[in-house]
Structures are given as C-alpha cells and as structure tokens.
Amino acid sequence: MEEFKTAYIRTVAVPRDKLDTAINALKSAYDGISVNLSGRYGDLSIEIKYPEEMPSNVFEEAYRQALTVLNDYVYALEDVGLAERLIQLLKLRKTMFSVAESFTGGGVGGRIVEISGASEVFFEGLNTYSNQSKMERLGVNEATLKQFGAVSRETAYEMARGLLNTGNCGLCVATTGIAGPKSDNTQKPVGLVYIAVGCEDDVQVYGYNLKCSRKDITETAINLALFLAFKTLK
C-alpha cells in the first residue's frame, strides 16, 4: 500500500485563477499528488498529499511555486485556524489587539476569544452598532457620519483611530458594512464593506463589494478582518 505525506497551505480570499495555477503547479510535478480543498467564507485550507517516495527536492520546488502564486493570501503553512494564527503572531510580537465592530456585531472578537490564551493579547472588543455609539465610544465625528455615512471609508478610519487613541492596543480592526438583505437609506449596495486596520500611527482602510447572502457577507468580512490584521502585523 502506497504511503503518503501531507502538507498544508492556509489562505484567505485567494482568487480562483491563482488557486488553479497553484494547484496545477503541484499536480503536474509528480504522479500521485492530490489536492483537497476545504473551508468556508473565504478561509481556504489546501491539503496536499504526495507519495512518500517523491523526491524531496521535487516536492519542495512544486510547493515553492505554489506559494509564490498564493503568497499574498497565505497565513499559515500548517493546519491551524485563522484566529489561532493571529493570536500566535500577537504573542510573538507582544502586541495587544482591539476591535470595533458595527455590522459584524462582535463576530471578530468572538472568534478571538474562542482561542485559549487570547486574554494575553486581546484588550477589548466594542460593538458600536449605532452612530451614537460610534461617536461616544470611538470619537467618530458627527460631521463624518452625516457627510459620508456610517458605511464609509472615512467612518471606518475614524473607528480604528479611536481605538488607537486609547493607547491600549498596538493593533486594531474596525468593521462597517451593509449585510442586507436590504440596503440602508444611502443607496449604497448590499455587500459594501469597509475594514480598517490600525497599527501604531498608521491606519489603512480596505473596501469590498461582497456578492452573497447576509450571513455569508458577515462571516466573510470577519475572516477578512482577521486576515488583514495578521498581514498588517506580519
């Protein structure tokens, strides 16, 4: 009976064309290689099984080629979850993490506290769902909300900046978006999401238009927020 070894690549939001290119690089390297995909909401586990007899240099070259294609979307080269991987990195960097959530309703913070040892690196999670909460808890300007709306790049920025201004975290994430099934009163599309990631004096805001159900939009945004936090700290 043929024996196999196993390797992993864990990714978030990898485009289908890049995934196909990486899989082809692996499968074409040697007879008997199989690639199994699993995961949900953009968080994808790529499990690679290859014959034990396969020369190590041949596998390493194929694996390297796949990683080169997938590089921007990779968070782990072992079978470890996204939140756990982020916590590992926060501990390594000795960095405290905070989150401010609107439409994700505590989902990002919830994923963090599911992991044992999160208390060492998780400072706080705020569910600033209403505009009033965003202003009172995070210092978002009323003028920003009136001019740009709660679901905007500008509001996401100020939410993250409000967390950083407390001085209690070295890394933070803020989420705001429209999960549907209906839009708000701004004519913005369902699935519009902004995720702000702050680290020290810098805040970057990422925008997405997610075309899926309410639950899928929310869960995908949670994974994106955790992944962007990981990428920023890395």
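Colleague: Is tyrosine 63 buried or exposed?

Modeller: This is a predicted model, and every value discussed here is computed from it. A residue counts as buried under 20% relative accessible area. Tyrosine 63 has a relative accessibility of 14%, so it counts as buried. Phenylalanine 59 is likewise buried, because its relative accessible area is 8%.

Colleague: Where do phenylalanine 59 and tyrosine 63 lie?

Modeller: Both residues are in helix 2; four residues separate them, which is about one turn of the helix.

Colleague: What describes a pair of aromatic rings?

Modeller: Two quantities are used: how far apart the ring centres are, and the angle between the ring planes. The structure holds three aromatic pairs. In the pair of phenylalanine 59 and tyrosine 63, the centres are 5.4 Å apart and the planes meet at 20°. Planes under 30 degrees apart count as stacked, and therefore this pair is stacked. Ring pairs also bring in Tyr50, which is linked with Phe59 and Tyr63 into a cluster.

Colleague: What is the geometry of the pair formed by phenylalanine 97 and phenylalanine 122?

Modeller: That pair is tilted, with 6.3 Å from centre to centre and 45° between the planes.

Colleague: Which parts does the pair of phenylalanine 97 and phenylalanine 122 tie together?

Modeller: Phenylalanine 97 belongs to strand 5 (residues 97-101), while phenylalanine 122 belongs to strand 6 (residues 122-127). The pair therefore ties together parts that are 25 residues apart in sequence. Phenylalanine 97 counts as buried because its relative accessibility is 1%. Phenylalanine 122, at 16% relative accessibility, also counts as buried.

Colleague: Let us turn to charge. Which residues form a negative surface patch?

Modeller: The patch consists of Glu2, Glu3, Glu52 and Glu53. As an example of its members, glutamate 53 sits in the loop between strand 3 (43-51) and helix 2 (56-70).

Colleague: Why is glutamate 53 classed as exposed?

Modeller: The class of exposed residues begins over 50% relative accessible area. Glutamate 53 has 57%, and so it is exposed.

Colleague: How many helices and strands are there in the protein, and what are the dimensions of its C-alpha trace?

Modeller: The protein has eight helices and nine strands. Its C-alpha trace spans about 65 × 40 × 25 Å along the principal axes. The protein has 234 residues, of which 47% count as buried.

Key
Residues numbered from 1 in each chain as written. Predicted model: local features only at pLDDT ≥ 70, side-chain atom pairs only at ≥ 80, totals over all residues. Heavy atoms only, no water. Patch = residues over 30% accessible without salt bridge, like charges linked within 9 Å, V, L, I, M, F, W, Y side chains within 5 Å. Areas by Shrake-Rupley, 256 points an atom, 1.4 Å probe, with all protein chains shown as cover. Salt bridge = Lys/Arg side-chain N within 4 Å of Asp/Glu carboxyl O. Lys, Arg positive; Asp, Glu negative; His and termini not counted. Charge placed at Lys NZ, Arg CZ, Asp CG, Glu CD. Helix = DSSP H or I, 4+ residues; strand = E, 2+ residues; numbered from the N terminus. Buried < 20%, exposed > 50% of the residue type's maximum accessible area, 1.4 Å probe, protein only. Phe/Tyr/Trp six-rings, centres within 6.5 Å; stacked < 30°, edge-to-face > 60°.
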